[in-house]
Amino acid sequence: MQDQMNATSTPKRVPWNKGKLTGAKPPLRPKHVWSIRTNLQIEGRARDLAMFNLAIDSKLRGCDVVALRVEDVAAGGYTADRATVRQKKTGRPVKFELSEQTRQAVDDYLKTTGKRPGEFLFTGHRGPDRSITTRQYARLVSVWIGSVGLDSRLFGTHSLRRTKATLIYRRTGNLRAVQLLLGHTKIESTVRYLGIEVDDALAIAEQVDV
């Protein structure tokens with residue numbers, strides 16, 4: 001009897017993902033990328049525009065995006081066309097390219113804020129010596145996604161990481177290149193990450209004549 005009372009009095013644990021849509025977050029389409037950029041430009045949100053562009057180009061995980069320091073991308077005062085950072089998850093360095101529009105967005109942001117090497121690139125309300133948190137970053141991504149009419153439950157920070165990598169793979173079929181750009185240690189991880197199926201491989205093969 002006592003066991004029955006204990007069983008009924010113990011509250012059930014609510015799953016952390018209750019009400020959330022789980023599974024791999026899909027990449028953004030180019031039209032959505034441009035729409036988000038346009039919205040951020042119109043609204044004059046220099047920090048968010050720089051962050052969004054950097055996230056797309058760098059293909060970094062959210063934890064690495066928020067940890068960026070000024071010298072990681074603009075050691076000489078202006079944003080470089082290539083950068084290297086050490087990934088928190090693997091401890092391995094990964095290189096990435098920065099497009100002209102991303103360099104311009106970051107330069108404008110640095111000019112507006114007066115940030116200098118040694119400082120976190122993206123700071124929040126916790127103070128200038130603290131980076132924004134991954135949770136704050138995720139909330140920003142949800143706002144950006146919602147601003148172009150997409151369901152923010154379906155997309156997330158990994159959508160930004162996947163976007164350019166997916167486009168590169170679809171246009172080139174070069175899985176090894178995407179593996180290097182994502183900083184994966186195993187090619188199998190890249191295959192799973194991109195959700196590559198047999199039909200994708202056949203579509204690429206059909207474009208090649210011998």
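## A buried loop residue

Phe-155 is found in the loop that lies between H7 and helix H8 (157–172), in what is a predicted model. With a relative accessibility of 14%, Phe-155 falls under the 20% limit and therefore counts as buried. Its contacts, once neighbours within four places in sequence are left aside, are with Lys-25, Pro-26, Pro-27, Leu-28, Ile-145 and Leu-150.

## The chain as a whole

The secondary structure of the chain comes to 11 helices and two strands, and from the N terminus on the elements run α-α-α-α-α-β-β-α-α-α-α-α-α. Of the 210 residues of the chain, 36% count as buried. Among the contacts between residues at least 6 apart in sequence, 60% join residues that are at least 24 apart.

Two packed helices are described by the angle between their axes and the distance between the axes. For helix H2 (residues 30–42) and helix H7 (residues 134–147), the axes come within 9 Å and cross at roughly 105 degrees, an angle that makes H2 roughly perpendicular to H7. In this contact, Ile-36, Asn-39 and Leu-40 of H2 meet Trp-144, Ile-145 and Ser-147 of H7, and the residues involved divide into four nonpolar, two polar and no charged. Ile-145, which takes part in this helix contact, is also among the residues in contact with Phe-155.

Helix H9 (residues 175–182) and helix H10 (residues 187–194) have axes that come within 9 Å and cross at roughly 90 degrees, so that H9 is roughly perpendicular to H10. Here Leu-175, Arg-176, Val-178, Gln-179 and Leu-182 in H9 meet Ile-187, Thr-190, Val-191, Tyr-193 and Leu-194 in H10. The residues of the contact of H9 with H10 divide into seven nonpolar, two polar and one charged.

## Aromatic pairs and charges over rings

A search of the whole structure finds three aromatic pairs. In one of them, Tyr-137 and Trp-144 are arranged edge-to-face, with 6.5 Å from centre to centre and 75 degrees between the planes; the pair is classed in this way because planes over 60 degrees apart count as edge-to-face. Both partners are buried, Tyr-137 with a relative accessible area of 2% and Trp-144 with a relative accessible area of 1%. Ring pairs link Phe-52, Tyr-137 and Trp-144 into a cluster, and Trp-144 also belongs to the contact of H7 with H2.

Ala-105 has its place in helix H6 (residues 100–113) and, at 7% relative accessibility, counts as buried. When its neighbours within four places in sequence are left aside, Ala-105 is in contact with Leu-49, Ala-50 and Asn-53. Ala-105 and Ala-46 are 59 residues apart in sequence, and their C-alpha atoms lie 7.0 Å apart in space.

Terms used. Residues numbered from 1 in each chain as written. Predicted model: local features only at pLDDT ≥ 70, side-chain atom pairs only at ≥ 80, totals over all residues. Heavy atoms only, no water. Phe/Tyr/Trp six-rings, centres within 6.5 Å; stacked < 30°, edge-to-face > 60°. Buried < 20%, exposed > 50% of the residue type's maximum accessible area, 1.4 Å probe, protein only. Axes fitted to C-alpha atoms, helices over the stretch in contact; angles between N-to-C directions. Helix = DSSP H or I, 4+ residues; strand = E, 2+ residues; numbered from the N terminus. Parallel < 35°, antiparallel > 145°, perpendicular 65-115°, else oblique. Contact = heavy atoms within 4.5 Å. Nonpolar A, V, L, I, M, F, W, Y, C, P; charged D, E, K, R; others polar.
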